[in-house]
Amino acid sequence: MPNRKATLVDSVTKEEFLGYPTFAMVDESGTILSIWQGPTDANASCEPANTYAFAGFCRAGCYTPDEMLAFADGVLSIFGAKQLRLDRIMTLASDADRDHLTLKESSLTAYTVDPVAKKQPILVIRTEDGGELKVTLHHPLVD
């Protein structure tokens, strides 16, 4: 069975987001030993999944750890901001448009991190002025 996407609702913010059910092999101390990767062939067996337990829903859409973002305290890498536990980020204001990219300070309620580091496709967007944005393929973007 291929990975199945699900629309989920954050219990704190009530925001809807795209997610994937995740299954893991966990030891007695709660350490994740491995994540189950479902088969992509419709005829493949899912039998190996019987040794894994449901671990939760993974949010789709992430930045790379070195991606620089605007926080209320200044521009920092997402990794650095997580380490400092920053909870205020700059986001587009509701009246922003292409010609007036106005920002507002918003609450950041959580950081999402892969439980086990893995390689995944990264979309690299390069701007005319030399800027660069690196995100996973399902990260929501304003276009």
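A salt bridge is defined here as a side-chain nitrogen of Lys or Arg within 4 Å of a carboxyl oxygen of Asp or Glu. By this criterion, the whole structure holds 3 salt bridges. The structure is a predicted model, in which local features need pLDDT of at least 70, side-chain atom pairs count only at pLDDT 80 or more, and totals for chains, interfaces and linings use all residues. Residues are numbered from 1 along each chain as its sequence is written, and side-chain values use heavy atoms, with hydrogens and water left out.

The chain contains 1 helix and 10 strands. Helices (H or I, at least four residues) and strands (E, at least two) are DSSP runs, numbered from the N terminus. Their order along the sequence is β-β-β-β-β-β-α-β-β-β-β. Of the 143 residues, 19% are buried. Buried means under 20% relative accessible area, exposed means over 50%, and partly exposed lies in between (1.4 Å probe, protein chains only). The accessible surface of the chain is about 10600 Å², and carbon and sulfur atoms hold 54% of that area. Areas were computed by the Shrake-Rupley method with a 1.4 Å probe; for residues, only the protein chains shown count as cover. Contacts were also counted, a contact being heavy atoms within 4.5 Å. Among those with a separation of 6 or more, 37% join residues 24 or more positions apart.

In soluble globular proteins, nonpolar side chains tend to be buried together. A nonpolar core is a set of buried Ala, Val, Leu, Ile, Met, Phe, Trp, Tyr and Cys residues joined through side-chain atoms within 4.5 Å. The largest such core has 6 residues: Leu 69, Phe 71, Ile 78, Ala 81, Leu 86 and Ile 89. Strand 5 (68-71) and helix 1 (78-84) each give two or more residues to this core. Beyond residues up to four places away in sequence, Ala 81 touches Phe 71, Leu 86 and Tyr 111.

The salt bridges were then examined in turn. Asp 66 pairs with Lys 134, with the closest N and O atoms 2.8 Å apart. This pair links distant parts of the chain, 68 residues apart: Asp 66 lies in the loop between strand 4 (53-59) and strand 5, and Lys 134 lies in strand 10 (residues 132-136). Asp 66 counts as partly exposed because its relative accessible area is 45%. Arg 88 forms a salt bridge with Glu 105, at 2.9 Å between the closest N and O atoms. Arg 88 belongs to strand 7 (residues 88-92) and Glu 105 to strand 8, 17 residues apart. Both are partly exposed, Arg 88 at 28% and Glu 105 at 43%. Arg 126 meets Glu 132 at 3.1 Å, N to O. Arg 126 is exposed at 62% relative accessibility, whereas Glu 132 is partly exposed at 39%.

Strand 8 (residues 103-107) also holds Ser 106. Ser 106 has 14% relative accessibility, so it counts as buried. Its side chain makes a polar contact with the side chain of Thr 91 at 2.7 Å. A polar contact is a pair of N or O atoms within 3.5 Å; within protein, one must be able to donate a hydrogen and the other to accept it, and residues adjacent in sequence count only if both atoms are side-chain atoms. Leaving aside neighbours within four places in sequence, Ser 106 contacts Asp 87, Arg 88, Ile 89 and Thr 91.
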